[in-house]
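Dear colleague,

Here is the structure you asked for. My notes on it follow below.

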Amino acid sequence: MRKYDCIIIGAGPAGIFAALELTKKDDMKVLIIDKGKELSNRDCAITNKKGKCYDCKPCNLVSGWGGAGAFSDGKLTLTKDFGGFLTEYQPEEKIEELIDEADKIYQNFGAPTKHYEGDKDKIKQFQREAASADLKLIPAKIRHLGTDSSTQILADIREHLDQYVDVLTGVYIKDLLIDEGKVIGVETKDEEKYYSDYVISAPGRSGSEWFLNQIDKLGLQRSNNPVDIGVRVEVPAVTLEHITNEIYESKLIYHSHSFEDSVRTFCMNPHGEVVLENNEGLMTVNGHSYANYKTENTNFALLVSKNFTKPFNEPIRYGKDIARLANMLGGGVLVQRLGDLLNGRRTTEDRLKKGHVRPTLNEATPGDLSLVLPYRHLVSIRQMLKAMDEFIPGIYSRHTLLYGVEVKFYSSRIALDNNLETSIKNLFACGDGAGVTRGLIQASVSGMLVAREILKRY
C-alpha cells in the first residue's frame with residue numbers, strides 16, 4: 001500500500017510552500033501530485049516565442065511544477081490588503097508575519113533583495129490625485145522577480161525539496177478518498193490509490209473546476225466569490241512611468257457611475273508584454289514582465305467584479321462562456337483600439353497599424369469587444385478608463401489597446417474553518433484554486449498556514 005503522512009494536490013506556490021513547511025519534520029513522508037509536467041519539460045510556444053499555442057493538455061503555461069506562477073511576471077505583492085482573503089480566517093497581524101516569512105524564503109532561493117515601496121509623501125500625493133478622479137489607490141510593497149527569474153527560483157526550490165518529498169507529475173487526480181467523514185487519500189485517473197492521514201488540496205486556478213466538482217460530489221458547502229471578467233489594457237510605458245517607477249504596482253479601485261459595479265486594476269506589468277493563456281482549450285489573456293528584458297509598453301488588467309445571487313451557481317462556466325465567444329469570433333484573443341470601441345466599429349489590421357501603440361501580442365486578432373463583453377461590463381470599463389485618464393493623462397487615448405477577454409477562474413470558495421480545513425477531517429484547501437487567494441504571496445502563505453496546523457497534529 002502506498003502510504004504517506006501527507007499528500008499535496010498541486011505543485012503551485014500553495015503546494016510548494018506547504019511542502020517546505022512540512023519538511024521541518026525530518027520523519028514526515030510527503031507526496032506532491034500535479035497533473036502538469038516537470039518545470040524543465042514545460043515547453044510553451046507562448047513563453048518561448050515559437051509562434052502559436054501548441055494547445056497542450058494540460059497547458060504547460062499554467063500547469064506543472066511551479067503552477068501558473070512559474071511563467072507569471074513573478075510579482076510578490078507584500079500586503080494583506082489585496083491578493084487574497086486570508087484575513088477572513090486569521091488575524092491581520094499573523095498574515096502580515098507570514099507574508100514577511102514567505103518573502104524571506106523567496107529571497108533565500110534567489111529573489112532580488114530590491115523591492116518597491118515608494119516615498120510616503122509621493123504616495124499620499126498620488127492618492128489625493130486619484131481620489132479627485134473618484135478612484136481609490138491602494139499602494140503595496142512589491143518584490144518583482146520577473147518571468148525569467150521565477151523559473152530559476154522554482155527550480156532551486158525543487159532541487160531542495162527533492163531531498164525530502166516525493167513528487168509525481170503528469171498525474172491526474174480523479175477523486176478524494178473519504179471514510180467516515182475523514183480523508184484517507186486520493187485516487188488517480190489511472191485508478192492508482194495513494195493513502196494519507198492528511199490531504200492538502202491546492203489545485204491552482206487550472207484545477208479549480210476539478211475541485212469544484214469534488215466539493216459538490218462530497219456535498220460540501222461553498223460560496224461564490226465575485227466573478228472577475230474584463231480586458232487587458234496596453235499603453236506606452238511613459239504614460240505610467242511616474243507611478244510605476246515609484247511603487248511599481250498599485251491597486252486602483254473604482255465603482256461605475258451607471259451600475260456601482262466594482263472595477264479594479266490587476267497585475268500591472270511596467271515595460272512588459274501581453275501574453276496568451278490556454279485554459280483547457282480556451283484562450284484568454286494575461287501579462288508578463290521580465291527582470292532582464294523590457295518593452296516600450298506597460299499593460300494591466302481591468303476587471304469588473306460582479307456578485308451574483310441565487311439561483312446562479314456556475315461562476316467558472318460563466319467566465320468560460322464569455323471567453324468561448326471571443327475565441328469563436330477571433331480564433332483566440334481579440335484586440336481593439338479604444339477609439340474604435342468608442343466609435344462603434346471593429347479594429348482592422350489596417351487601423352491597428354495606424355495606432356501609436358504597437359501590440360506586444362502579435363497573435364491577437366483585431367476585432368470588436370462589444371460583441372463579446374456584456375453591456376454593463378463594457379460601460380464600467382469605459383467609465384473606469386475615463387476616470388483613470390483624469391489621474392493619469394493618456395490612458396483614455398484612442399490609441400490605447402484593449403485585449404479580451406481576461407478571466408480569473410477562482411470564483412468558488414469552499415466553506416473552511418480558521419485553519420483552512422474543510423468539514424471533512426484532515427482535508428485542507430488553500431491557494432487560488434480553493435478561492436482563498438489571488439496571487440503568489442498569499443497563495444504561498446495559505447500553504448504555510450495549512451502545513452503548520454498539520455504539524456501541530458502530527
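Asp134 sits in the loop between helix H3 (120-132) and strand S4 (136-139); helices (H or I, at least four residues) and strands (E, at least two) are DSSP runs, numbered from the N terminus. The phi angle of Asp134 is near 70°, a positive value in a residue other than glycine. Asp134 counts as partly exposed because its relative accessibility is 43%; buried means under 20% relative accessible area, exposed over 50%, and partly exposed in between (1.4 Å probe, protein chains only).

Please keep in mind that this is a predicted model: local features need pLDDT of at least 70, side-chain atom pairs count only at pLDDT 80 or more, and totals for chains, interfaces and linings use all residues. Residues are numbered from 1 along each chain as its sequence is written, and side-chain values use heavy atoms, with hydrogens and water left out.

Glu260 also has a positive phi, near 65°, and is not a glycine. Its loop runs between strand S12 (250-255) and strand S13 (262-269). At 56% relative accessibility, Glu260 counts as exposed.

Two cis peptide bonds are worth checking on your screen. One joins Lys57 and Pro58, with omega at about -5°; Pro58 belongs to the loop between strand S2 (30-34) and strand S3 (75-77). The other runs from Gly404 to Val405, with omega near 5°, and Val405 is part of strand S19 (residues 401-408).

Thr347 lies between helix H8 (338-342) and helix H9 (349-354), and counts as buried because its relative accessibility is 0%. Leaving aside neighbours within four places in sequence, Thr347 is in contact (heavy atoms within 4.5 Å) with Val335, Gln336, Arg337, Asp340, Leu352, Pro366 and Gly367. Lys75 is 272 residues from Thr347 along the chain, and their C-alpha atoms are separated by 32 Å.

Asp27 is in the loop between helix H1 (13-22) and S2, and is exposed, with a relative accessible area of 54%. Asp27 and Tyr164 are 137 residues apart in sequence, yet 9.1 Å apart in space, C-alpha to C-alpha.

How long is helix H10 (residues 375-391) from end to end? Its end C-alpha atoms are 25 Å apart, which agrees with the 24 Å that its 17 residues should span at 1.5 Å a residue; the expected span is 1.5 Å times one less than the number of residues. Buried residues in H10 include His377, Leu378, Val379, Met384, Leu385 and Phe391.

Finally, the chain as a whole. The protein chain has 11 helices and 21 strands. Along its principal axes the C-alpha trace spans about 65 × 45 × 45 Å. Of the 458 residues, 61% count as buried. Among contacts between residues at least 6 apart in sequence, 77% join residues at least 24 apart.

Regards
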